[in-house]
Every structure is written in structure tokens, then in C-alpha cells.
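Hi,

Here is the structure I promised to pass on. Please open it and keep it beside you while you read my notes.

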Amino acid sequence: MNHDARTNATPALRIIPREQHVISRKNISKAALRVLYRLNEAGYQAYLVGGAVRDLLLGGHPKDFDVATNATPDEVKKLFRNSRLIGRRFRLAHVVYGPEIIEVATFRGTGEEEGEGDRHIVDGRIVRDNVWGSIEEDAIRRDFRVNALYYDISDFSVRDYVGGMQDVEDRVLHLIGDPATRYREDPVRMLRAVRLAAKLNFRIDAAAAAPFDELGPLLAEAAPARLFDESLKLFLSGHGLKSFHMLEQTGLLKFMFPATARALKRGDKALRALIEQGLANTDARVAEGKSVTPAFLFAVLLWGEVRDLAHTWITKGMEPVAAWERAATHVIAEQCQRVAIPRRFTLTMEEIWGLQPRFEQVQRKRVFRLMAHPRFRAAFDFLLLRAAESSAVRELGAWWQHAQQLPHETLAAALTGSAAGGAAESSAPAAKPRKRRRRKPTSKAGNKSDPA
């Protein structure tokens, strides 16, 4: 068998029989079982593979179930009328059962001698790869050893070709093949290592983590839209705080969120507290099944740079509202070169940041106008996260917390003729009130008195 240098691995099969592992068919989706059984009955090899096998061995409940087979995509399409072929870089089949989609991939090969298809590599990166092969080749083509485990529907055993079962037991992530070569193929694998380690509470093998600092800049070559998706997986899957810490520890944060890394490097303890609390709150909401929004997450991560830029420009004499708007635009533009945050989220981020100075303005009309703003709740939650900035911000947050609990009439009476009882000033500069234009008096002919 011809194994190329980029995998640098020799498969050695270990079969774990049903009585020696914990995977049960009752924990596998019915749709996945139907796909596995139909492929098997049609004479094809059929295996549950990847993250589903890994998570089932760890006692988890996978959300997605992927299948690997020696049937080609076209053969899968003929076998399942409820399927569609997708992908150019990696061609595979999606078999659809109601809301559930089972991804069926043909075994990937390591070279073109033994299979059909095509592969195209540019500067070490795989841009197209549809070379079919054997299950042994498919195993060494995968990224981490824990993701190269196969559940065999024919006898309910687990097949391990690269030592993945041992890694599951040791709770460690080993990359298959030479790490530097594999990261050059696909730089996003570095982020995937961080995400899996955070999710599974695994450690990253030293050899797998060693190239991060040298090859981290390659993330700039990844599609910003893909890095946006990776960011959501890192931070909105219930283990965001640990993912953030691992991005820092591995040195990858500066390649994904350079503005965040710069702000934290200045030693701002309040900013670190804000980010960590924001991520912890998000993790708690995910655990409780509550909704989370990427806009709030990115507003938290980028706040330090936006705030510092705005303060710098205000100090230089720029009007506060303009300074905050300019700072937000500048930071978002830089970040979107790395991570393509959709406009619907950046607009919300700008509103959350722009409302922070308005929390100082506790005159009656301004208070009720701010409370009626569509982003008030998100902006208020953000204000509470800023509590570590100063005692003034904490007092301001407490005042607004109390104000929301008062009946409308009581709050209106308390605000009338007072500046909200001397509410604390925020560390963010207050926006200047808009000047009202005087309306020129107009004369109407009908207002003139008729002569007697």
C-alpha cells in the first residue's frame, strides 16, 4: 500500500468486540442505522465513523452521525432516492430523513494508483480531493486518532487502525501523520484541535501543538467565512470559556482575534474579567438550552480595542459620538479580514457599544427612550459585564437594575427635576445631547384679522 509522506502512518488493525466497548445501537439515531443496514445489505462495507463513535465511547450523545463506506457517491445516490450529492472539494452524499441528514462519505485514498477520482494540491493545501481508497487508507487520512474509529454494523465491533481507542482512554489528542504537513494541508485543523480539546476535556499532544506558533499565520489564508463558522463552534457550543483559554495558551488567539490579543496584552484586568464572565454566561445559557447570539459574543471579545480607540480619539478632541462610531467601524473592519462577521451581527455590535455612553444620561426623557430601544436588554447586560472597570460603572449598573424594577409612574416621578439622584458616572464618555433647531415662525394668511 502506498502511503504518502503527509500521513506518515502505518495502519495496524485492532478490533474491539461488542462486549469490550460501550456503544449501543439504542444510542444511534434510527436514520443512521437505516443507512448502515441498507448499505450493508446491498453488499457494501458500512461504518459509523468519526466524532459520533468517539462521543459514544465517551458516554456522550452525538448530534450528528457520519457514515463511511466503500460505495462511491454515485452508488449511494442510486441506493437512496432520498439523497443528494454535495461538495466539490470533498464529494459525498447527504441522505435525508425528515429533519435529520446522514452524511455518507466514500473511503478516501492516499494516492491515485488504487482508486478513481482527482486530487489538487496548491502550496501544500488540499483544494480538491476525491480519490477513493480502502478503509485503511481512509483511517490514516483523518485528522486525529480519536476521529479514526469505525463502528462496524455487521458485527457491532469497533475497528481501530491508528491507536484512537488508546487516545480515548488516555484523553489525549494525537494528530495522524506529521503535524506541520497536516496543518499546511488545512490550517483550520489547529483550531479544530483546540475546540476538540476544550469540548472533550482532553490535552493536546505536545507534538501536535508544537507547530502552532510557526504555522498560526496560515490561518490568514483560510476563508474568513469558514473562520466565522469555526468561531461559533469554539464559543457557542457550551465550552467557550475553555476554548478561549486554550486559544491563549496555544498562541492562536492573536491569529484569530488580533484586536482582542492586543487589548489583553496591555494587562487590562477588567477587560479579562468582562471576557471571561461573558463567555461563562454564554456557556451557562447553552447548558440551559437558552438562545445565544454571535453579536453579543463578538461585542464582548472586541470591546477592549473599541473602548481604547474611542477614548484616544476623544482625548484628541473628536466629538464623542463620532469617536465611538469610528472606533467600532475600524475594529470591525480589521476583524472581518480574519473572521467574516455578517452585517446583521456587526450592526447589533455597534448598537451595543454605542448605547454604553447613553447609560450615563439619566434625565427622564433619555431614560425612557433608552429603555424603549430594541437593543436595550443586550446593552444593559453588557453594562453589567463592565462592572470590573470601576465602582462608578458598578453603581451605574445597579441604578439601571433598580430603575427597571420600578413602575413607570414611580420612575418618572423620581426622575422629574432630578438627575436620577446623582447616578454614578460611567467610564465611557457621555454623548453630547443633540441641539434642537429653532423653527422659524411662519405666517398664515388665515391668521390675519379682516378689516372692519
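This is a predicted model: local features need pLDDT of at least 70, side-chain atom pairs count only at pLDDT 80 or more; totals for chains, interfaces and linings use all residues.

Overall picture. The protein has 452 residues, and 48% of them count as buried. It contains 21 helices and 12 strands. Take the contacts between residues at least 6 apart in sequence: 69% of these join residues at least 24 apart. The exposed surface comes to about 22400 Å². Carbon and sulfur atoms supply 49% of that surface.

Helix α18. This helix covers residues 364-371. Its buried residues are Val367, Phe368 and Leu370. Viewed down the axis of α18, they fall within an arc of 160 degrees, so they line one face of the helix. An α-helix has 3.6 residues a turn, so residues three or four places apart point the same way. What do the buried residues of α18 pack against? They meet four helices: α17 (343-355), α19 (376-385), α20 (391-405) and α21 (408-415).

Residue Asn147. Look in the loop between α4 (135-141) and β9 (149-152). Is Asn147 buried or exposed? Its relative accessibility is 3%, so Asn147 counts as buried; the cut-off is under 20%. The side chain of Asn147 makes a polar contact of 2.7 Å with the side chain of Arg54. Setting aside neighbours within four places in sequence, Asn147 also touches other residues, including Val49, Gly50, Gly51, Arg142, Arg192 and Leu196.

Best wishes

Terms used. Residues are numbered from 1 along each chain as its sequence is written. Side-chain values use heavy atoms; hydrogens and water are left out. Helices (H or I, at least four residues) and strands (E, at least two) are DSSP runs, numbered from the N terminus. Buried means under 20% relative accessible area, exposed over 50%, partly exposed in between (1.4 Å probe, protein chains only). Contact means heavy atoms within 4.5 Å. Accessible areas come from the Shrake-Rupley method with a 1.4 Å probe; for residues, only the protein chains shown count as cover. The arc is that of the directions from the helix axis to the C-beta atoms. A polar contact is a pair of N or O atoms within 3.5 Å; within protein, one must be able to donate a hydrogen and the other to accept it, and residues adjacent in sequence count only if both atoms are side-chain atoms.
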